[in-house]
Amino acid sequence: LGCAPVMKTTRSAQLFAAAQQLIPGGVNSPVRAFRSVGGQPRFIKRAKGAKLYDVDGNTYLDYVLSWGPMILGHAAPAVIRTIKKAADNGTSYGAPTELEVTLARMIRDAFPSMEKVRLVSSGTEAVMSAIRVARGFTKRDSILKFEGCYHGHSDYLLAKAGSGLATLGIPDSPGVPADFAKHTLTAPYNDIDTVRRMVTKHRKDLACIILEPIAGNMGVVPPAPEFLSTLRRLTAENGILLVFDEVISGFRVNYGGAQALYGITPDLTILGKIIGGGLPVGAYGGREEIMNLIAPSGPVYQAGTLSGNPLAVSAGIETLKQLKKKGIYKNLEAQSAALAKGIGDAAKKAGIPLIQTRVGSMLTAFFTSSPVSDWNTVKQADTARYGKYFHKMLDQGIYLAPSQFEASFLSTAHTTQDIDKTIRAAHTAFKNL
Ligand code: PMP
């Protein structure tokens, strides 16, 4: 797939060669390696606002934003100031801090369903822990997840998991004993009839239904009308917990996440990305009677040396403070709508079939002509064509997700000029596909 880059990439190429000798695939997280789009991954030297700067001196407008966290743009001055100040006070204590109380309160104010919150260090860890407490609370073993939804890389959640697995065509991972995965049921996203059938069949054994209330890991797939409300009703009727994984959508689609946007109250919620302001954080929380089961107030064990880390929590608090300012989400919506419209117009003009999905500032352009609603429809997209589009955009300094099956994100640092530049680049890219 890889086409010869028009930019100088000598230093990136050298570093990638060295990295491949030392690190599996040369990367510390698979999708960074450009496997599905081909070509040379760029090694980033620094980032500021909406821009990435690589080791060869190239500049890119960034629509990956560290896969979601950098909603204020890179190195947002207020966040960096806060991190520096926090660092002067020491970087980890292994004892409680006032910062954790502040962040937990801010999270609960934004997500009233999270009556109690536990901070951890990654989304993966938060999901794993939320499922443990869901199982502890219900005294049931099985979980139901949806094809194309990614919930981190813990053993039993890799079944039909979207994201890097979809990109690399890995259905499930070797290394996961069948015994560990046997409690994971999967259903197509947005397919309420299948869910209903599975709930009827497994109701006595289902601890929870977990989903991304706005799917982001097969590219953006919004929930169909009634999907979330029907899940809410079905789970409540059967003593099953409803778990929203809002690692991407939380503080992204609006301050209160997808649950505020659609008016659905889950039992448990998982957050990550934005609440750490670009430092490693995850959080899970929910109904008090469930969360009280977690050690030390209850018997469900979960712990972490760096949980509630003062640097990460400080960055999170400052990020949320900035996001609370008036007009932030309205502006993100306007910029994102303009970008989506411009790209749609460009595709139409070039006669390229394109299906666009978007909720606020998370969006995907699928190279397909039929509507997308789940993994089966999404995977019809022409990934080879996406790869070409990706490289034609990259060559013009636009950094999109290096896979068809990922979301693009905007930040408050993206300007109208940035959007215009991106749309112009899309015109050129589509014309040459
Ligand atoms: N859940 C969702 C919805 C995610 O998008 C991700 C990561 N992209 C995770 C969980 C896992 O988070 P982390 O990479 O921080 O472990």
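I started at Lys-273 and found it in the loop between strand E9 (268-272) and strand E10 (282-286). Helices (H or I, at least four residues) and strands (E, at least two) are DSSP runs, numbered from the N terminus. Residues are numbered from 1 along each chain as its sequence is written. A word of caution for my notes: this is a predicted model, where local features need pLDDT of at least 70 and side-chain atom pairs count only at pLDDT 80 or more, while totals for chains, interfaces and linings use all residues.

Next I looked up the record for this lysine. UniProt, in an unreviewed entry, lists Lys-273 for "modified residue: N6-(pyridoxal phosphate)lysine". Its positions are given in the numbering used here, feature names are shortened, and annotations may be inferred rather than shown by experiment.

Is Lys-273 buried or exposed? Lys-273 counts as buried because it has 28 C-beta neighbours inside 10 Å. The cut-offs are 20 or more other C-beta atoms within 10 Å for buried, 12 or fewer for exposed, and partly exposed in between, with C-beta atoms placed from the backbone.

I then listed contacts (C-beta atoms, placed from the backbone, within 7 Å). Leaving aside neighbours within four places in sequence, Lys-273 touches Gly-68, Pro-69, Gly-123, Val-247 and Ile-248.

On to the ligand. I noted 16 residues around it, of which Ser-122, Gly-123, Thr-124, Gly-152 and Val-247 come nearest; a residue is near if its C-beta atom, placed from the backbone, lies within 6 Å. Helix H4 (residues 123-138) gives the largest share of this shell, 3 residues.

Now the sheet. I traced 7 strands in an open sheet with mixed pairing, in the order E4-E10-E9-E8-E7-E5-E6. Two strands pair if DSSP finds at least two bridges between them. Strand E4 (116-120) and strand E6 (184-187) are the edge strands, each pairing on one side only. E4 and E10 are antiparallel over 5 bridges, and Arg-118 stands opposite Tyr-284 in E10. Helix H3 (residues 98-110) packs on this sheet, touching E4, E9 and E10, and its direction makes about 125° with that of E4. Such angles run from 0 to 180 degrees between N-to-C directions, and the axes are lines fitted to C-alpha atoms, for helices over the stretch in contact.

Last, I checked another open sheet, with 3 antiparallel strands in the order E11-E12-E14. Strand E12 (residues 362-366) joins E14 by 2 bridges, and the bridge partner of Leu-363 in E14 is Ser-408.

How values were computed:
Contact = placed C-beta atoms within 7 Å.
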